[in-house]
Amino acid sequence: MDNEVAVATGDAMEHVEYVESDANPSGDTVGNVKSDDAFISAEDVNVYYGDNHAIKNVTLEIGRQQVIALIGPSGCGKSTFLRCLNRMNDSIDSARVTGRITLDGEDIYAKNLDPVLLRARVGIVFQKPNPFPKTIYENVAYGPRIHGLAANRSELDQIVHTSLERAGLLKEVKDRLDEPGTSLSGGQQQRLCIARTIAVNPEVILMDEPCSALDPIATAKIEDLIDELSENYAIIIVTHSMQQAARVSQRVAYFHLGKLIEVDETSRIFTNPQHKLTEDYITGRIG
Amino acid sequence: MPATTLSILLAAIAGAAFFLGKQRAFAVAGGPGNITKLHSLPGYHGYFAILCALLPSMLILVLWLVVEPRVLTALTIQSLPDAQRSMAPSELDLLVNNIRNLAAGDVVAGEVNAVLTNASQRIQELQETSRRLLAVTCIGIALLGATVAWRRISRAFRARNQVESVITGLLIAASSIAILTTLGIVMSVLFEAIRFFREVPLTDFLFGLEWSPQTAIRADQVGSSGSFGAVPLFTGTLLITAIAMFVAVPVGLMTAIFLAEYSSKRIRDVAKPLLEILAGIPTVVYGFFAALTVAPAIRNAGEAVGISVASESALAAGLVMGIMIIPLVSSLSDDAINAVPRAMRDGALGLGSTRSETMKRVILPAALPGIVGGILLAVSRAIGETMIVVMAAGLSANLTANPFEAVTTVTVQIVTLLVGDQEFDSAKTLAAFALGLILFVVTLGLNVVGLRVVRKYREQYD
Ligand SMILES: Nc1ncnc2c1ncn2[C@@H]1O[C@H](COP(=O)(O)OP(=O)(O)OP(=O)(O)O)[C@@H](O)[C@H]1O
Ligand SMILES: [Mg+2]
């Protein structure tokens, strides 16, 4: 892949006029794939499900304390790319990942890297809230327990409380920690899942359409939460809502048919998209 | 008229009714282009005609065949000479039987005399008349039905609704056959058991410690009155069931865990059908295996370490039964594990759990109700299993918890009580029904609870 165009023009962005997509048939990413303070960096990543080439030559850097939104039409590979970042694709038999992804300089697909430990560092929140069929307390305590983060019960209590607090759920559930997690409302369940994820104290949080099953109020709460969390974590969020991407993210990456078409600062993407496909998508001309 | 001719004729009438009905429906509509004017499609009118032609005549046919023998017998008896008519009912029965056998050309007990031949000729004649009458009636009614149906065809006639309601009726009748049969079985077992409990008090049966059901079969025989304490049978059943579950639950569960979570798709594709085949082996084959291979092996092994083992032992039967039940446990557990949503698995993995942590802490607890339900079903299967224990567990009703001794089970005793020529009103044979009743109640209870647990659990995620 020939990324030099985009990479080299990174600093000179303001001065370069981008041509329309038809003049850019190789499908190179336009915009700026680099990040000042790169924490995660993906180089030439390809993902195949059997013969299906789901991610094609994606190169992208993601900074610390940054929220980046992945957008694009359904089936374009957003979830697939997201799941590469904590090797959740390992559990899919047919999936094969090539290329290089590093976390803080460390190759996460290296032979001697334990994906279990990686996933403790790169937490994930799914589209549908999936609390375990356990109590609210046990849901949050699950991660700290398996990773031995708490030396005793009071430390564990502490972690559970802080996590629920930071997920903005503590007030609603502090008197019912012994009730099953599934007894909460959808929005509360999703915040419980976020609490469960941050209880492990990850460095990166991946979110795959975390609000798509939620009403606007619950969505607003989670968006606030993302804002707050971004002070400490790198957050990568897949969303179908342009408004949401505009509200929570600093950068936006637009995927199309497995290719990363355009990456740029959020305000730029939404006001002045460089690529025709991006423009079509955000103006509602592509599904 | 032979039965085949009658069937062919009826079928022909039905076919004709269908076509004529359909044609008339078309005609009433005013040609194929105007079918929408009809309430029901022409085909339904045809089917309605078939039903009108066949259903009443079939009903008559069945009733006739049920009633005919009784009427014929009564008529035959009436025609017998006075000497025979005044015989005792049981001898008269015998005579009638002989007459019937002779008429049908079967073997006749005793000599054939004039009375017998006359009567058998008479019954043959009667039969022939009856059949002729039947044929005429059936065909007449079929034609009548078809005509009525044909005349009812009109644009507004709701043939489809009529046909559908008849079909619904047939389906209900079919499904009630199974239910009614079950009900009948339960009732007959219940009544026989009640007869038994008139002779042997319920408490003696349920709490008595000695089982030796040898009663005098005929009134003139000397013999013990038998003792019907079923506790040794219950303990024997429990012992064997416990051994079986001890084998089947861990092995089955681990198989299920392996297949659901750890095995590659290739292994799963081979292993699952293999297990299903294992489940399809007739239990009598397991019985051979238990009696001829496992039991001697256990005895030899026991001798080698200085334990005396009976040649038919609870252990042998239990082990083999356990092996038999493994597929049941593993496939039900596998279902339960697979019913845990993928999201649960992903959630656990995404938090950095290893596979085994995911299994132990998330999937198994979530699948537990389903697994428990499956185990209850397996227990009920083990309790009701007969063939293996008949062949491998022995017949002696020992009250023991020692797996190396021979024990006997409820099912084995039912079999031995009813095998051979028995009088069906002695306490000995009636005891089998009492045991059957207990077995039925226990397994039914386990099945109900097990199925409920399994189903409740399924609903949780759907
Ligand atoms: N488990 C899988 N096995 C095989 N193919 C898959 C699998 N998951 C995704 N794919 C394929 O990979 C491609 C990208 O899917 P992906 O789920 O990443 O899309 P997406 O952008 O997240 O879409 P959506 O917005 O609908 O969630 C699709 O063509 C899809 O069919
Ligand atoms: Mg997706």
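Colleague: What makes helix 2 (residues 42–79) of chain B roughly antiparallel to helix 5 (residues 114–152) of chain B?

Modeller: In this predicted model, the two axes come within 8 Å and cross at roughly 160°. Angles run from 0 to 180 degrees between N-to-C directions, with axes fitted to C-alpha atoms over the stretch in contact. Angles over 145 degrees count as roughly antiparallel, so helix 2 of chain B is roughly antiparallel to helix 5 of chain B. Their crossing is right-handed.

Colleague: Why is Thr59(A) called buried?

Modeller: Buried means under 20% relative accessible area (1.4 Å probe, protein chains only). Thr59(A) has 13% relative accessibility and therefore counts as buried. Thr59(A) belongs to strand 3 (residues 52–63) of chain A, strands being DSSP runs (E, at least two residues).

Colleague: What lies 3.0 Å from a polar atom of the side chain of Thr59(A)?

Modeller: The backbone nitrogen of Asp44(A) does.

Colleague: Which residues touch the most other members of the largest nonpolar core?

Modeller: Among them are Phe196(B), Trp211(B) and Leu435(B), in a core of 56 residues. Such a core is a set of buried Ala, Val, Leu, Ile, Met, Phe, Trp, Tyr and Cys residues joined through side-chain atoms within 4.5 Å. A second, separate core of 44 residues includes Val173(A) and Met242(A).

Colleague: Which conventions apply?

Modeller: Residues are numbered from 1 along each chain as its sequence is written, and chains are lettered from A in the order written. Local features need pLDDT of at least 70, side-chain atom pairs count only at pLDDT 80 or more, and side-chain values use heavy atoms.

How values were computed
Buried means under 20% relative accessible area, exposed over 50%, partly exposed in between (1.4 Å probe, protein chains only). Helices (H or I, at least four residues) and strands (E, at least two) are DSSP runs, numbered from the N terminus. A polar contact is a pair of N or O atoms within 3.5 Å; within protein, one must be able to donate a hydrogen and the other to accept it, and residues adjacent in sequence count only if both atoms are side-chain atoms. Angles under 35 degrees count as roughly parallel, over 145 as roughly antiparallel, 65 to 115 as roughly perpendicular and the rest as oblique. A crossing is left-handed if the near helix is turned anticlockwise from the far one by less than a right angle, and right-handed if clockwise.
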